[in-house]
Amino acid sequence: TDERPRHININESFDGVDSSRLYRERTSALNMNPPVNLSVVKQDILVAMVECEKRCLIQCTKWLAELNHGLSETTVELRGNAALQNVFGGIDDTEYDRYLLAKSYFLVREYDRSAYFTRDCGSPVPKFLHLYALYMSKEKKRLDNMTDSSVVSSVNHAKDFSELLSTLRTEHSKQSLDGYCLYLYGVILKKLDLTDIAVRVFIEAINAKPMLWSAWLELAPLVNDKRMLEGLKLPHHWMKSIFQGYTYIELFLNDEGIKIFEHLQNNGFSKCIFIPTLLAIAYSNKRDVDRSIDIFQHLTSVDPYRLDNLDSYSNLLFVKDMKTEMSHLAHKVVDINKYSPETCCVVGNYYSIRSDHYKAVMYFQRALKLNPRYLSAWTLMGHEFMEMKNTNAAIQSYRQAVEVNKRDFRAWYGLGQAYEILKMTFYSLYYYKAAQQLRPYDSRMLVALGETYEKLNKVPDALKCYEKAYNVGDIEGVALYSMAKLYEKQGDTEKAIPAFRKFCSDDKLIADKASLCHAYMTLGNYYEKMDDLEKASFYAYKCLDYEEMKREAESLLKIIANKRPHPTATTSGAPTAKAGENEKQETDAPDTYGGDDMDMDETNLSKRIDGSESIREEEPGNNELAESSGIQEFHMEDTYDVNE
């Protein structure tokens, strides 16, 4: 979720002067129950910023500075604070001049020159700067030489980093790497897909330097589930709570993440902009779109020139079809920084909401030129290609999104849709399964999986998917209908009818009126065959509101009227005792299907049908009955939601 505008996808590191000693002297500050010592936290942050500056780790400096600004009400003694003034720590006196020269070259992106002048340095800071400059040089050259920005993965990773990897592996075997170099070693292992070793190395780095947020951040995508997260041997440090909350949200365990971050907010971190941003993302994952938009709007008012995560904000505006707000946001970000990946992504969403898919694709491609590992751009570009009916290009985009982040359920779901269009059902099943494993309680994944099983004639599996989709909360309101139709198709009427009745019980909430009408007609025909004429006529009258079923409904009503017993001529007057009893039974019968809607005068209908009056003359009466039933007409919105 935290997609930062970086050309190189590496989160730099930082540390404090002997921070391991400092944090061991304190209790676990943010272990949910103990109170937070904000002075200790701020001291750690300030020390880490000094160390970060020395190592040219710009993105982490920015993150720490934002966290520090959120704690501005907490005071720390700056004058005479040895930890904050130790700008020469970790640098040998004989290497200081070379270090300053190398640092200046690094800051202007002359990585080879920076690495050259620190090649013989042995003190910790220049040594890390040398290795880091080598890494950045290799990565920059690889990206610059890419002929096609539509390819993220590269088989040349091992060749590019072989020399650096060999150096770090040798040093690691001698146990001579500090927390920073361990972090860099882990980044390279992760890039080479050596995931298990990378996890162990990142944990080593975190335990050596618990203030190394970049190591926490790189570790988060490698955590597969809650059990793995709880089993990691992490230090008892206040950074652990931020990591756990961040990882819970990455794993879509949003309630756990929200609980942690709300606790942090209540304990002094309420003004730290990073925490409400993650809360907004968590609420977005929970489909609480309005609340998420409110948080983003508040953050925009607090920091009007901030671009981080505005792509997520634009996705929410797209979902709510807020075209005016999207237009204002697009113009604003262009004024701030025209050539930022976030800006290009927001403008792409702006053109997408206007259905200008070609321009949207152009801006998503521009974002990828700036940052080839920008997840949102890959996924959204895949959605746009789907809108343009360019299935092959959509598949390519979704595949690259999965390369960047294997937990992007939208990309897996998009691949399933693309192969479904190509009628490659087994491929579609594989990708829908992957999406469902990432979002096990998302009914959309379950319904898609059920439909695919149905196409493969795996009826029991399909029924299980539909049933689970209904039980977890059917977002689109189609699981019950699909289950009922499948039962009907299998000839299992006894199970189909209750499912249809449940589906129709919340008719005002159902957007797909064609499905609702079909369910009404099926129920009407069933009850007519069962000679339950009251229920049959009830559902038949419901169908009169829909043009496509009106003729069939009128025909069914005529059959029902013909089945009703005709009143025999008696002495002018009162009804027979039998009729009176029937009236009493009808009055006393429980009103199961909708109150006053059941009190319909079928006798008049029977007389009109039996007499010389035509069906056309009967329509005003039927419309009147349909209106009296209080059924509100909904219009189906046939749109393709690219952001969910």
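Lys191 counts as buried, at 14% relative accessibility (buried is under 20% relative accessible area, exposed over 50%, partly exposed in between, with a 1.4 Å probe and protein chains only). The residue is found in helix H9. Helices are DSSP runs of H or I with at least four residues, strands are E runs of at least two, and both are numbered from the N terminus. Lys191 and Phe161 are 30 residues apart along the chain. Their C-alpha atoms are separated by 9.6 Å.

Asp193 lies in the loop between helix H9 (179–191) and helix H10 (195–208). Asp193 is exposed, with a relative accessible area of 59%. Its phi is positive, about 65°, although Asp193 is not a glycine.

## Basis of the model

This is a predicted model: local features need pLDDT of at least 70, side-chain atom pairs count only at pLDDT 80 or more, and totals for chains, interfaces and linings use all residues. Residues are numbered from 1 along each chain as its sequence is written, and side-chain values use heavy atoms, with hydrogens and water left out.

## The chain as a whole

The protein chain has 34 helices and zero strands. Of its 644 residues, 53% count as buried. Contact means heavy atoms within 4.5 Å. Among contacts in the chain between residues at least 6 apart in sequence, 63% join residues at least 24 apart.

## The end of H13

Glu250 lies in helix H13 (residues 238–250). At 7% relative accessibility, Glu250 counts as buried. Its side chain makes a polar contact with the side chain of Arg407, at 3.3 Å. A polar contact is a pair of N or O atoms within 3.5 Å; within protein, one must be able to donate a hydrogen and the other to accept it, and residues adjacent in sequence count only if both atoms are side-chain atoms.

Phe252 is found in the loop between H13 and helix H14 (254–269). Phe252 is not a glycine, yet has a positive phi of about 65°. It counts as buried, at 19% relative accessibility.

## H17, a mostly covered helix

Helix H17 (residues 310–319) is mostly covered, with nine of its ten residues buried. These are Leu310, Asp311, Ser312, Tyr313, Ser314, Asn315, Leu316, Leu317 and Phe318.

The buried residues of H17 pack against several helices, including H15 (274–285), H16 (289–302), H18 (323–336) and H19 (341–353). H21 (375–387) and H23 (409–421) are also among the helices they pack against. Asp321 follows H17 and has a positive phi, near 55°.

## The H30–H31 pair

The axes of helix H30 (residues 533–543) and helix H31 (residues 547–563) come within 8 Å and cross at roughly 155°. Axes are lines fitted to C-alpha atoms, for helices over the stretch in contact, and angles run from 0 to 180 degrees between N-to-C directions. H30 and H31 are therefore roughly antiparallel to each other (under 35 degrees is roughly parallel, over 145 roughly antiparallel, 65 to 115 roughly perpendicular, and the rest oblique).

On the H30 side, the contact is made by Leu533, Ala536, Ser537, Ala540, Tyr541 and Cys543. H31 contributes Met549, Lys550, Ala553, Leu556, Leu557, Ile560 and Lys563. The contact residues divide into ten nonpolar, one polar and two charged. Here Ala, Val, Leu, Ile, Met, Phe, Trp, Tyr, Cys and Pro count as nonpolar, Asp, Glu, Lys and Arg as charged, and the others, Gly among them, as polar.
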